[in-house]
Amino acid sequence: MEQKELPEILTLKQASEVLHCHPNTLRTWEREGLIQCIRFGKRGDRRFPKDEIMRLLEGKISLSK
């Protein structure tokens, strides 16, 4: 998926595909406060804003502690 093709809000699966990581990795990063997500619905499904994913891709978010 190219940057211009990305929707403004990505599902967990879409975000993990773009970042080439396992969905559990994204869950961990969100729990640790390294990336923000939007929670909705009764299950608390995660959605990731495009700008958060782009910041990760551009290296503007440090994943090291």
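Which helix lies across β1 and β3, running at about 65° to β3? Helix α3, made of residues 50-57, is the one.

## About the model

This is a predicted model, where local features need pLDDT of at least 70, side-chain atom pairs count only at pLDDT 80 or more, and totals for chains, interfaces and linings use all residues. Residues are numbered from 1 along each chain as its sequence is written, and side-chain values use heavy atoms, with hydrogens and water left out.

Helices (H or I, at least four residues) and strands (E, at least two) are DSSP runs, numbered from the N terminus.

## The sheet

Let's start with the strands. An open sheet is formed by 3 strands in the order β1-β3-β2, with antiparallel pairing; two strands pair if DSSP finds at least two bridges between them. At the edges are β1 (9-11) and β2 (38-40), each pairing on one side only. From one strand to the next, the twist averages 35°.

Strand β3 covers residues 45-49 and is joined to β2 by 3 bridges. Across this antiparallel pair, I38 stands opposite R47 in β3.

## Helices across the sheet

Like α3, helix α1 (residues 12-19) lies across β1 and β3. Helix α1 runs at about 95° to β1. Axes are lines fitted to C-alpha atoms, for helices over the stretch in contact (heavy atoms within 4.5 Å), and angles run from 0 to 180 degrees between N-to-C directions.

## A look at E30

E30 sits in helix α2, residues 23-31. E30 counts as buried because its relative accessibility is 18%; buried means under 20% relative accessible area, exposed over 50%, and partly exposed in between (1.4 Å probe, protein chains only). Leaving aside residues up to four places away in sequence, E30 touches I35, C37, R39 and R46.
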